[in-house]
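This report goes through a structural model, starting with the ligand and ending with a single residue. The sequence and structure come before the discussion.

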Amino acid sequence: MSHKQEYRIRLVSKEFLNSDTCYLGFECPDIANSAIPGQFVNISAGTVFLKRPFGIASVDKDIGRFYIGVKVVGKGTSEIAGFESGMMVDCLGPLGNGFDLEDYDNVILTGGGTGVFPINFAYETLSAQGRNVVVCEGFRNASQVILNKPSYILTTDCGDTGIKGTVIAGLDTISIDDYGKTLVCCVGPVPMMKAVNAWCADKGIKCLVSMEQRMACGAGICLCCTVKVKDDGPEGYKNVRCCKEGPVFDGGEVVW
Ligand SMILES: Cc1cc2nc3c(=O)[nH]c(=O)nc-3n(C[C@H](O)[C@H](O)[C@H](O)COP(=O)(O)OP(=O)(O)OC[C@H]3O[C@@H](n4cnc5c(N)ncnc54)[C@H](O)[C@@H]3O)c2cc1C
Ligand code: FES
C-alpha cells in the first residue's frame, strides 16, 4: 500500500458534471502513480478549517494527474467547487486501504451518488487489465446521472431513464456463472450498501463496501470516523477507524 504524504498541488482542470457536482483534475505524479481504487485524498477547502475527503475518481499516470468529483453539500465543498484552474491546493493522500480486486474472475461494481467516483477509478483499472467487469449504477432520476457509460446497467428510482428501481433491480439482471469467483464492490449511501451486502450474502458472493463516515483528521488520530464491525468480544462488535482501517470493509463484517 502506498505511503501517504502532504502535497501542495496545482488544480489543472475543472468541469461541471451537473448543477451541483464538478470534476477536478490535479497535477500530482506521486498520487497518480501510487493510488489504488477505493483510496481517497483530503483536500483543503480554503477558509474551512479541516480538509475534506474525496474518493479518487481517476488517474492518468502518463501526465501525472488524478481526478476527484465534488458534490456541493456545504461550505467546504462549495469553496472547493469554486476553485479556479491554476490555483495551488493542500492535499493529503492517498489515504485508506482501497479495494483488493485480485483473486476474482468477475467483478461487479455498483453504487450511486458520489460513490460513482471511486467506482469509475475501479472500472478504469479493471478494464485496463482486461478483467471481466460489470458496472451497475443507481440514481434518483435522469438529472442526477453522472459518469455513466453506455455499457453500464443504469437504474433510477423514478424510472425516467434506465431500469426503474434501486441498484438491486439492476443487479438482478446480471447472469452470474460462479458466485464463488465473483466479487461485488459497492460505494454509495448506507441504505444502498446495506441492501447490496444483503443481496450478496443471500447468494454467497463476497461484498466489499466503502464507507463514507464524516471525518476530521483523516489520519487515525481523532477517532471521529468510527465504523462498527463484528467482533468475538462480549459486545459483539468493535469500533474501527474508517480513515485508517477503511474506508473499504468486508460488507459481511460491518454492523449495519
Ligand atoms: C472516504 C470518503 C470519500 C468521499 N468521497 C466523496 C467524493 O468522491 N465526492 C464527494 O462529493 N463527496 C465525497 N465524500 C463526502 C465529502 O467528504 C463531504 O460531502 C464533505 O466533506 C462535506 O463537506 P462540507 O464542508 O461541504 O459540508 P459540511 O458543511 O461539513 O456538511 C454539510 C452536510 O453534508 C453532510 N456530510 C458531511 N460529510 C459527510 C459525509 N462524509 N457523508 C455524508 N454526509 C456528509 C453533513 O452532515 C451536512 O448535512 C467522501 C467522504 C468520505 C469519508
Ligand atoms: S478522521 Fe480522525 S480518526 Fe479518522
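A residue counts as near a molecule if its C-beta atom, placed from the backbone, lies within 6 Å of it. The model discussed here is predicted.

## Ligand 1

The shell around ligand 1 holds 22 residues, and those that come nearest are Lys 71, Gly 74, Gly 76, Thr 77 and Thr 114. By class, 10 of the shell residues are nonpolar, seven polar and five charged.

Three elements each supply at least two residues of this shell: strand E4 (52–60), strand E5 (65–71) and helix H2 (75–81). Residues of the shell come from both domain 1 (5–95) and domain 3 (214–256), so ligand 1 lies between these domains.

## Domains

The domain assignment divides the chain into domain 1 (5–95), domain 2 (106–210) and domain 3 (214–256). Taken over C-alpha atoms, the centres of domain 1 and domain 3 are separated by 24 Å. Their contact takes eight residues from domain 1 and six residues from domain 3.

On the side of domain 1 that touches domain 3, strand E3 (40–43) and strand E6 (88–95) are the elements that give two or more residues. The residues of that side are five nonpolar, two polar and one charged.

## Helix H5

Helix H5 covers residues 190–203. At 1.5 Å a residue, its 14 residues should span 20 Å, and the end C-alpha atoms are 20 Å apart, which agrees. After H5 comes Gly 204, with a positive phi near 75°.

Which residues of H5 are buried? They are Met 192, Met 193, Val 196, Asn 197, Trp 199 and Cys 200. Because they cover an arc of only 160° around the axis, they sit on the same side of H5. The face turned away from that buried side carries the exposed residues Pro 191 and Asp 202. The cover over the buried residues of H5 includes strand E7 (106–112), strand E8 (132–139), helix H4 (167–171), strand E11 (182–187) and strand E12 (206–210).

## Gly 138

Gly 138 is located in strand E8. Is Gly 138 buried or exposed? With 30 other C-beta atoms within 10 Å, Gly 138 is buried; the cut-off for that class is 20 or more.

Leaving out residues up to four places away in sequence, Gly 138 touches Gly 112, Thr 155, Thr 166, Val 167, Gly 170 and Met 192. One of these, Met 192, is among the buried residues of H5. Another, Gly 112, is 26 residues from Gly 138 in sequence, yet the two are 4.9 Å apart in space, C-alpha to C-alpha.

Definitions and conventions
Residues numbered from 1 in each chain as written. Chains lettered and ligands numbered in written order. Predicted model: local features only at pLDDT ≥ 70, side-chain atom pairs only at ≥ 80, totals over all residues. Helix = DSSP H or I, 4+ residues; strand = E, 2+ residues; numbered from the N terminus. Nonpolar A, V, L, I, M, F, W, Y, C, P; charged D, E, K, R; others polar. Domains from an automatic or database assignment. Expected span 1.5 Å × (residues − 1). Buried ≥ 20, exposed ≤ 12 C-beta atoms within 10 Å, placed from the backbone. Arc of directions from axis to C-beta. Contact = placed C-beta atoms within 7 Å.
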